[in-house]
Amino acid sequence: MSFPKYPAYKNSGTSQIPEIPDHWQRVRLSRILNGIKDGTHGTFQRVDSGELLLSAKNVHEQGLVISESESLISQEDYLEIVASGYPAQGDVLLTIVGTIGRSCVFTEGKPLAFQRSVCFLRPQKHCLSRFLSRFLSSDCYQNQLTLKSKSTAQGGVYMGDIADTQVTLPPEHEQELIADFLDRETEKIDALIAEQQRLIELLQEKRQAVISHAVTKGLNPDAPMKDSGVEWLGQVPVHWELTRFKFVLSGLTDSEHKTCPEYPDGNFLIIRTTNVRDGELAMEGAKYTNYESYEEWTKRGRPTAGDLVFTREAPAGEACLIPEGVTACLGQRTVLMHPDHSKVEASYLLFCIYSGISKRFIDRLSQGSTVSHLNMSEIGNIPLLLPPRDEQCELVYKVREIQDRYKELESQASKTISLLQERRAALISAAVTGQIDVRGLAEAVA
């Protein structure tokens with residue numbers, strides 16, 4: 001959809017902001033504020049019952065997101081913090097440490113205490129908070145923050161640098177029209193994004209259901225069945241064996257109970273729990289070690305293609321196959337499984353880990369514990385249903401075929417979400433910098 005343009009434009013005076021309509025201004029942020037302040041720099045003891053102490057993680061475009069597990073501080077500490085300043089209704093919140101650049105309009109009716117990762121911008125009367133918050137989320141402003149952010153462990157922007165950033169300022173009535181326009185249009189886009197996200201969730205549930213049904217009921221709906229002896233499992237194919245992992249493995253090895261040293265120039269992958277997700281070896285954020293450490297850390301067991309890595313904690317119950325061409329050692333809280341290939345197809349064993357029968361067993365062991373941890377004997381005793389090996393291979397082939405179709409649909413939905421998010425960002429940036437004229441559009445809607 002194309003939008004109308006303003007009749008005339010002028011140079012904004014800075015490379016960070018494109019040409020703006022003739023009657024707009026480009027101003028330093030501090031010139032349109034009555035005040036700018038960040039949250040407390042102090043350290044305060046957390047308590048079980050008290051007042052909220054919020055931070056950057058609570059600030060989102062839709063407003064403050066406050067969970068039931070937020071940090072609480074004493075009434076005394078709370079009063080000390082808010083005595084030195086707090087956001088008022090209509091202020092704009094901006095995150096400036098850690099996750100930089102999220103903003104929203106503060107609408108709460110009572111003072112709230114914030115940590116220094118959030119700053120409060122108090123616009124003057126001729127600057128509409130809703131417009132300013134939208135401008136702060138635009139690409140041209142986010143780029144300014146990136147240039148000004150300090151390269152520390154968390155990353156941050158100083159208050160003086162925030163005050164020195166540049167913004168566009170239309171007449172007040174146009175600010176309101178732009179804010180209303182963006183509220184309407186982004187709501188439509190957000191609804192489309194939510195639909196695609198629900199579709200992805202549904203497809204993932206279907207993929208999981210395919211695995212669970214295949215490894216507990218098989219592919220042949222006419223196969224003779226027998227009572228499994230497990231109430232929730234019900235009937236299973238009569239020729240399948242109910243067994244345990246330890247009886248189909250030629251080896252089960254736990255990792256070293258210490259951290260493998262990391263080397264940025266290393267060539268040997270350290271498989272950590274963060275690398276094992278949803279049945280796959282995830283290379284994002286991968287860490288590597290050198291040859292000497294690899295030799296040391298593989299004395300207890302050397303992963304080879306076709307082996308499985310299983311996580312025993314943080315979280316427990318994830319697994320993946322070692323692919324061809326990967327030379328790796330185990331990180332902490334992982335376990336190496338060597339399938340007995342005469343008894344079990346490795347991919348079938350992977351499917352079993354993600355089936356209902358294995359997940360229920362793992363969840364039951366974790367009940368009552370805040371951090372689930374599986375010991376070696378528990379891992380060996382994970383139950384599985386074992387068909388003949390040729391049937392396992394056929395099952396793996398069919399399940400992968402179905403899963404690939406679901407994954408392709410998930411990929412298409414993810415691409416659609418990315419395109420919608422790009423359109424959303426582009427629309428905001430175009431509107432708040434005057435690249436589109438929303439005045440006639442607003443009148444038409446009205």
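# A tour of salt bridges, strands and a buried helix

Select Lys299 to begin: its relative accessible area is 64%, so Lys299 is exposed. The model on screen is predicted.

Stop 1: Oppositely charged side chains can pair when their charged atoms come close. How many salt bridges does the count come to? The answer is 22.

**Stop 2: a network.** Now select Glu61, Arg130, Arg134, Asp180, Asp183, Asp190 and Arg424. Salt bridges with shared partners join these residues into one network. Zoom in on Arg130 and Asp180. Their salt bridge has its closest N and O atoms 2.6 Å apart. Arg130 sits in helix α2 (residues 129-136) and Asp180 in helix α5 (residues 172-217), so the pair ties together parts 50 residues apart in sequence. Are these two buried or partly exposed? Arg130 is partly exposed, at 29% relative accessibility. Asp180 is partly exposed too, at 28%.

**Stop 3: helix α2.** To see the buried ones, select Ser129, Phe131, Leu132, Ser133, Arg134, Phe135 and Leu136. Arg134 is also a member of the salt-bridge network from the previous stop.

**Stop 4: Glu51 and Lys110.** Select this pair next. They form a salt bridge with the closest N and O atoms 3.3 Å apart. The link spans distant parts of the chain, 59 residues apart: Glu51 is in strand β5 (residues 51-54), and Lys110 is in the loop between β10 (103-105) and β11 (113-114). Glu51 is at 18% relative accessibility, so Glu51 counts as buried. Lys110, at 40%, counts as partly exposed.

**Stop 5: a charge without a bridge.** Go to helix α1 (residues 75-83) and pick Asp77. Which side chain of opposite charge is nearest to Asp77? Arg46 is, at 7.6 Å. Asp77 is buried but has no salt bridge. Leaving aside residues up to four places away in sequence, Asp77 touches Phe44 and Gln45.

**Stop 6: strand β9.** Select residues 92-95. Val92 and Leu94 point one way from the strand, Leu93 and Thr95 the other way, and all are buried. Then bring in the neighbours. β9 pairs with β10 in the antiparallel sense over three bridges. Leu93 has Cys104 as its bridge partner in β10. Four bridges join β9 to strand β12 (residues 118-123), again antiparallel. There, Val92 has Leu121 as its bridge partner.

**Stop 7: a three-stranded sheet.** Finish at the open sheet with strand order β21-β18-β24, where the pairing is mixed. Which strands are at the edges? They are β21 (287-289) and β24 (328-330), each pairing on one side only. On average, neighbouring strands here are turned by 40° against each other, direction ignored. Strand β18 (residues 268-271) pairs with β24 in the parallel sense over three bridges.

Notes. Residues numbered from 1 in each chain as written. Predicted model: local features only at pLDDT ≥ 70, side-chain atom pairs only at ≥ 80, totals over all residues. Heavy atoms only, no water. Salt bridge = Lys/Arg side-chain N within 4 Å of Asp/Glu carboxyl O. Helix = DSSP H or I, 4+ residues; strand = E, 2+ residues; numbered from the N terminus. Buried < 20%, exposed > 50% of the residue type's maximum accessible area, 1.4 Å probe, protein only. Pairing = 2+ DSSP bridges. Lys, Arg positive; Asp, Glu negative; His and termini not counted. Contact = heavy atoms within 4.5 Å. Axes fitted to C-alpha atoms, helices over the stretch in contact; angles between N-to-C directions.
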